[in-house]
Amino acid sequence: MKLVKQTSYQDCGAACIAMMINHFYKYEIDLQQIKFYLSINDDEISFYDIIDLASNFYLKGDAFRIEQDFLELRNKTPFLAQVVNSDGLLHFVIIKEILQDDLVIYDPSKEKKQKQSLTDFLITFNNNVITFKPNIKKFNTDFKFNFKRAINIFGFDFILYLLISLISTFLFIIDTQFLQMYSNSLNKNEQDFLIYLFPVILLVLNILFKNISMRILNNEFKKRKQKLLAKMLKLIETKHMSDLFYLYQEINWVSKYENYSLKSSFASIISEAISLLFIYFIAKEIFLLILIADILYIVINTWINQIATKEISNSDREWFMFLNNIDYIKNTGNECQAFDEVLKLNQKEESNTVNNNFIEFWDKLSLIFVYIISWMLLRQGNLNFSLFFIILLLKSFSKANIYNVGQTILGFNKYRISIIKFEKIFIDTKLIKFDEKITNIKILLNNEKRTIEFKNKLNIEKTNIDLANINKTKSDINIEVYINNKNINNLRGSDIRKQMYYAKDQKINFGTIYQNIAIKKASKINVFNIKEIKDILDRHFIKITKLVKPETYTQIEKEIIKLLSIFYIDKKVILIKNDFQILTFDEIILVLSIFTKLNDDKFVILS
């Protein structure tokens, strides 16, 4: 079982499912793909939600409480257990093994597996466990790498790239013949300067073909990345996901891998085969040696990197988690410890570089054997010096080819998992384009069995309704929203949001209070001349010419900017979250009433 680290303090349950998937199916899955199936917020995931989540991966969960002897679970490992962590919060861990008096625990909040005494574990254990039963056949069928879809990336441009690479290889081999020509010219009384045009012409042609082939790969990279990013934007339309930057990084990596590793490795294999064939006709013994060296290069390279990878975490993800939760880490007093842990990741990555140096050593070692065999062939008269130098040039050319193939093999498993993930999450949902002018908004509260209708005026909803359900940035299963009598679940969210403005988390920019309020466009009238608004500003000692910064502003300044900025927003629907702390309810209603009088065709919803 591979330890999977949680990326936030709420997704320990998802991390435990990832470990179970790795254990039962020998399949590495990231948390983002697991959380894709969540229909609730990360911080709301419960003990029994984990069972529903695991069922998407053909893991049948059985939850129960341990009332008597914990050791009875020895034959049911691994299983998920619920504990209370050091912060007093419910936390999920995996019990991998139950030994005589100890437990082997995979805790997603730790750097490595833990060995803990049964007595100490039972102090934090809250008696809830989930055992899982896998369905390997169904999982392998559903999470199978589709080679047919992967073939789609190899189009006409790829064939053209291979042809150009093939020509470049022949040019390189022809270029090596210059040594033979130069050697033959030594027998002549006068030097023929025309032979020096030969390598110059080949150099120009090589540069030309290299630039063409790189341009093909660059264009293919851009097209592939653009296509995947378009699918990502469609995903954002329909799902409310976190960690989107990780998904962008993965798209970027896959696009690079397909073009600069996978496609180029095909060209490298062809080039290597031609080079070896050429060496075969020069000296069969050296051909056999280089062929064996190439195979061992790939095997050793794969083996060394697999060992190193087991000890290396995703440092980018760990640093992101550390920086994203820095306030929580400071407040819990774990700042120094957390900082030391992320620094250790750099040391592990440096050790990986040392391991890769062994590959360079092997290449030099194989070159020494080439020298030894060549010496014997030269002594026997079966090889001349010009052909010997050609073999050395082809050997150096071979190193670049085989290194490229080796690196491609190392990344293929990651690529395979990413492609399967994209097939699962990039589902083309048919949403209806919405280009109508919003005329009515209606909300059905299924749990309360009542309907709320909003009109073209000021609407005050005193119940705690998350307005994100209206602009489709959140989806509550107990709430149905209808716009123009159409369920927004069937409509494109971006079309709806074109006509909406949600005043929730107000962003403060460097500038005056006025510049922050009037950031969008000019208002129909100067709202600061309205007596009621001037009175509110004076009452709270607000000067609109005052300079504010993102890191230094007061709460009342933020609330004034949030409330008055709606006068400068050209949207049909204004959604306002009532999280004001200093402005009174009467002051808020007064300002919103003025706004609706000036804009009688707009919806204003305060909740």
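These questions and answers walk through a predicted model of one protein chain.

Q: How many helices and strands does the secondary structure of the chain come to?
A: The chain has 607 residues, and 44% of them count as buried. Its accessible surface is about 33,500 Å², with 56% belonging to carbon and sulfur atoms. The secondary structure comes to 19 helices and 16 strands.

Q: Which strands stand at the edges of the open sheet of six strands?
A: The pairing is antiparallel, in the order S1-S6-S2-S3-S4-S5. An edge strand has a single partner, so one side of it is left without a neighbour in the sheet. The twist averages 35° from one strand to the next. The edge strands are S1 (59-65) and S5 (114-117).

Q: Which residue of S4 is the bridge partner of Ile94?
A: Strand S3 covers residues 90-98 and strand S4 covers residues 102-106. The two run antiparallel and are joined by four bridges. In S4, the partner of Ile94 is Tyr106.

Q: What angle does the direction of helix H1 make with that of S3?
A: Helix H1 spans residues 12-25 and packs on the sheet. The strands touched by H1 are S1, S2, S3, S4 and S6. With the direction of S3, the angle is about 25°.

Q: Which residues of strand S12 point the opposite way from Met500 and Tyr502?
A: In a regular strand, side chains alternate between the two faces of the sheet. S12 runs over residues 500-503, and its four residues are buried whichever way they point. Met500 and Tyr502 point one way. The other way point Tyr501 and Ala503.

Q: What is the bridge partner of Ala503 in S15?
A: S15 covers residues 573-576. S12 and S15 pair in the parallel sense, over four bridges. In S15, Ala503 has as its partner Ile576.

Q: Is Glu461 buried or exposed?
A: Glu461 lies in the loop between strand S9 (458-460) and strand S10 (479-483). Beyond its neighbours within four places in sequence, Glu461 contacts Arg450, Ile452, Leu606 and Ser607. Its C-alpha atom is separated by 7.3 Å from that of Ile605, 144 residues apart along the chain. The relative accessible area of Glu461 is 12%, under the 20% cut-off, so the residue counts as buried.

Q: What is the relative accessible area of Ser265?
A: Ser265 is found in helix H9 (residues 244-282). Leaving aside neighbours within four places in sequence, Ser265 is in contact with Asn404, Val405 and Thr408. The residue is buried, with a relative accessible area of 5%.

Q: Why does Val299 count as partly exposed?
A: Val299 is found in helix H10 (residues 284-310). With Leu288, Leu291, Ile292, Ile295 and Leu296, Val299 forms a nonpolar surface patch of about 480 Å² accessible area. Val299 qualifies because its relative accessibility is 49%.

Q: How far apart are the closest N and O atoms in the salt bridge of Lys424 with Asp142?
A: The pair links helix H14 (residues 385-425) to helix H5 (residues 136-142), 282 residues apart. Lys424 is buried at 16% relative accessible area, whereas Asp142 is partly exposed at 31%. The closest N and O atoms are apart by 2.5 Å.

Q: Which residues do salt bridges that share partners join into one network?
A: Lys223 and Asp157 meet in a salt bridge at 3.3 Å, N to O. That pair links helix H8 (residues 197-238) to helix H7 (residues 156-185). Asp157 is partly exposed, at 28%. The network joins Asp157, Glu220, Lys223 and Lys263.

Terms used. Residues are numbered from 1 along each chain as its sequence is written. This is a predicted model: local features need pLDDT of at least 70, side-chain atom pairs count only at pLDDT 80 or more; totals for chains, interfaces and linings use all residues. Side-chain values use heavy atoms; hydrogens and water are left out. Two strands pair if DSSP finds at least two bridges between them. Axes are lines fitted to C-alpha atoms, for helices over the stretch in contact, and angles run from 0 to 180 degrees between N-to-C directions. Contact means heavy atoms within 4.5 Å. Buried means under 20% relative accessible area, exposed over 50%, partly exposed in between (1.4 Å probe, protein chains only). Accessible areas come from the Shrake-Rupley method with a 1.4 Å probe; for residues, only the protein chains shown count as cover. Patches are made of residues with over 30% relative accessible area and no salt bridge: like charges are joined within 9 Å, nonpolar side chains (Val, Leu, Ile, Met, Phe, Trp, Tyr) within 5 Å. A salt bridge is a side-chain nitrogen of Lys or Arg within 4 Å of a carboxyl oxygen of Asp or Glu.
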